[in-house]
Amino acid sequence: MKNLVILGGGYGGMRVLSRLLPNELPEDVSITLVDRTPYHCLKTEYYALAAGTISDQHVRVPFPEHPRLTIQYGEVTEINIKEKRIVLKDADSLTYDDLIIGLGCEDKYHNVPGAKEHTYSIQSIEKSRKTYQALNNLPPESVVSIVGAGLSGVELASELNESRPDLKIKLFDRGNYILSAFPVRLSTYVENWFDNHNVEIINNSNITRVEENTLYNHNEPIYSDIIVWTAGIQPIEVVRNMDVEKDKQDRIVLTLHHNIPGDEHVYVVGDCASLPHAPSAQLAEGQAEQIVDILLKRWKNEELPESLPTIKLKGILGSLGKKHGFGLVAERPITGRVARLLKSGILWMYKYHNG
């Protein structure tokens, strides 16, 4: 019996499971899924969990059940591809025949002194819970500073404004305008929304250090009751420690078949993989689909394709509270209630098909 080990039950890992189970898994293959939590977490909704507008239950989806699926709960501390062994904290090591690494990412602090020690995060469900408790225990008129005005920072700021309109929210961004990855029209729309809802945007910021209750923008101290960091991500430490080729963002370089060069038994999916697009749930799912196709061919000793189709991304959607949103669908900007309804509908469909 061959053992396929999947590290991480994120969007990529879940798509692999949904493709192989219940009927596509060969009779001579079993699966071991390793994750720290006993359920799949909807990471794209952590901003709402932290803001207090949804409950913990809303971001949890159960893992599938199957006679040849074993779920191992634990934290991965080492990936030894030479020995085909996975080392777990406080648990026995695992061996594999084929491996899919989908362990996700963590905050990147860009060597800013004090940032890791004195800021809150929404990069894991555990950290999002702590951020929720901190934010929602604040007294009225408290100052909340959010560092980073990409999608996560914008969604957190808008959702928190809806949840706690009594707070003073500051949104710091390095660029001339927020959401620099989006068209200017969308950025302007979101900036106007923040202006109308009394969220302060600080453009061209440069956070030089962070202390308890104080961040320094261009070395100027700014008092904050809570500071939340959403200014960049990187693969988790156990992946960064692997002795394999990586790109400038510490993501693992792969062959066109999504495996590590020189090792056709180790695949990488999602935030840890070096891909031409920015990491996203949609990209991880598209990549997972192709990994399953490659695995099925290899298990059947069939010839692999010389090329794979480009992973097509349908678009990206962001929320501004529960009633407004923004995004790109088929490269067309959309704003307002339609964008928010689309995002809610996609989330509902995902939970329906995976729950």
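Which residues form a nonpolar patch on the surface, and about how much accessible area do they have together?

A: This is a predicted model, in which local features need pLDDT of at least 70 and side-chain atom pairs count only at pLDDT 80 or more, while totals for chains, interfaces and linings use all residues. Residues are numbered from 1 along each chain as its sequence is written, and side-chain values use heavy atoms, with hydrogens and water left out.

The nonpolar patch consists of Val 329, Val 338 and Leu 342, which together have about 220 Å² of accessible area (Shrake-Rupley method, 1.4 Å probe, with only the protein chains shown counting as cover for residues). Patch members have over 30% relative accessible area and no salt bridge, and nonpolar side chains (Val, Leu, Ile, Met, Phe, Trp, Tyr) are joined within 5 Å; a salt bridge here is a side-chain nitrogen of Lys or Arg within 4 Å of a carboxyl oxygen of Asp or Glu.

Val 329 belongs to strand S22, residues 324–329, where strands (E, at least two residues) and helices (H or I, at least four) are DSSP runs numbered from the N terminus. Val 329 counts as partly exposed because its relative accessibility is 31%, and the classes are buried under 20%, exposed over 50% and partly exposed in between, with a 1.4 Å probe and protein chains only.

As for the setting, the protein chain has 9 helices and 23 strands, and buried residues make up 51% of its 355 residues. Its C-alpha atoms fill a box of roughly 60 × 40 × 35 Å along the principal axes.

Note on methods. Patches are made of residues with over 30% relative accessible area and no salt bridge: like charges are joined within 9 Å, nonpolar side chains (Val, Leu, Ile, Met, Phe, Trp, Tyr) within 5 Å.
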